[in-house]
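Grab a pencil and work through these exercises one at a time. Try each task yourself before you read the solution.

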Amino acid sequence: MNTPSAWVPSAAILLAGGAARRMGGRPKLLLPIDGESLLQRAIRLARAVQAEPILVVLGGHAESYRAHLIDTGPDVELIDNPQWAEGLGASLRCGVAALPPNRPPEATFFVLAPDQPLVSVTQLHRLQDALRNHPEATAAACDYAGTPGVPVLFRYVWRHRLLGAHGDTGARRYLQEYRHEVMTLPFPEGACDIDTDEDYAAFLRR
């Protein structure tokens, strides 16, 4: 009789390495939404789906974010990316390199963008359910603006692929390249992200 394998938690990579140039270079992930910063909110969502570890990739505002998260807890690891100015791909590569290396192939990891304020625990659970119910798929991504994107849940087979990320290209390029392996879930709210003061003001008016 086969013995069921032990449950392996999903890790989570939170991409917080940008310079927020379109917001005047301010640390935009400190902006409050319903009493918590965008960065704290993303960590709360990762905890709600029992992600472990939660890897926060820092870059352009590392000092501000590190001070903000000083009492966050031992489940959160702050990862400094010295190549953050290269772009989003460098932050993704840095986060993937910091994943626990010895998990089985069926293990998974999220990639989350904290500047997406409409991502919910429900949506993250939907991604987990999609991979659980479709063992032939190697990733479950959100579909908005006509293309798959974050948040996304990857199986560990993607770890070596994403270690090649570079420049300002994130996971979306790889999701397109391996689209035949990717489950996509409609999530039009994913198109809402906060890049500018106008975006933030519009979100608060919703």
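Helices (H or I, at least four residues) and strands (E, at least two) are DSSP runs, numbered from the N terminus. Before going on, note that this is a predicted model, where local features need pLDDT of at least 70 and side-chain atom pairs count only at pLDDT 80 or more, while totals for chains, interfaces and linings use all residues. Residues are numbered from 1 along each chain as its sequence is written, and side-chain values use heavy atoms, with hydrogens and water left out.

**Exercise 1. Find the geometry of the peptide bonds from Glu52 to Pro53 and from Val150 to Pro151.**

Step 1: recall the background. Most residues other than glycine have a negative phi, and most peptide bonds are trans.

Step 2: read omega. From Glu52 to Pro53 the bond is cis, with omega near -5°. From Val150 to Pro151 the bond is also cis, with omega near 0°.

Step 3: Pro53 is in the loop between helix H1 (38-48) and strand E4 (54-58), while Pro151 is in strand E8.

Step 4: check phi at two other spots. Asp34 has a phi near 50°, a positive value in a residue other than glycine, and at 81% relative accessibility Asp34 is exposed. Gln50, in the loop between H1 and E4, has a positive phi of about 60° although it is not a glycine.

**Exercise 2. Classify the ring pairs that involve Phe154.**

Step 1: set the rule. Rings of Phe, Tyr and Trp (its six-membered ring) pair if their centres lie within 6.5 Å; planes under 30 degrees apart count as stacked, over 60 as edge-to-face and the rest as tilted. This gives 4 aromatic pairs.

Step 2: take Phe109 and Phe154. Their ring centres are 5.4 Å apart and their planes are at 35°, so the pair is tilted. This pair links distant parts of the chain, with Phe109 in strand E6 (residues 108-112) and Phe154 in strand E8 (residues 147-155), 45 residues apart.

Step 3: take Phe154 and Trp158. Here the centres are 4.8 Å apart and the planes at 45°, so this pair is tilted too. Both Phe154 and Trp158 are buried.

Step 4: join things up. Ring pairs link Phe109, Phe154, Tyr156, Trp158 and Tyr178 into a cluster.

**Exercise 3. Describe what the charged end of Arg161 sits over and which side chain meets Arg161 in a salt bridge.**

Step 1: A charge sits over a ring if NZ of Lys or CZ of Arg is within 6 Å of the ring centre and within 35 degrees of the ring normal. The charged end of Arg161 sits over the ring of Trp158, 4.8 Å from its centre. Arg161 also lies over the face of Tyr178, at 3.8 Å from the ring centre.

Step 2: Arg161 meets Glu181 in a salt bridge (3.1 Å, N to O). Glu181 lies in the loop between helix H6 (171-177) and E9 and Arg161 in helix H5 (residues 159-162), so the pair ties together parts that are 20 residues apart in sequence.

Step 3: check burial. Arg161 is buried at 14% relative accessibility, and Glu181 is buried at 17%.

Conventions: Buried means under 20% relative accessible area, exposed over 50%, partly exposed in between (1.4 Å probe, protein chains only). A salt bridge is a side-chain nitrogen of Lys or Arg within 4 Å of a carboxyl oxygen of Asp or Glu.
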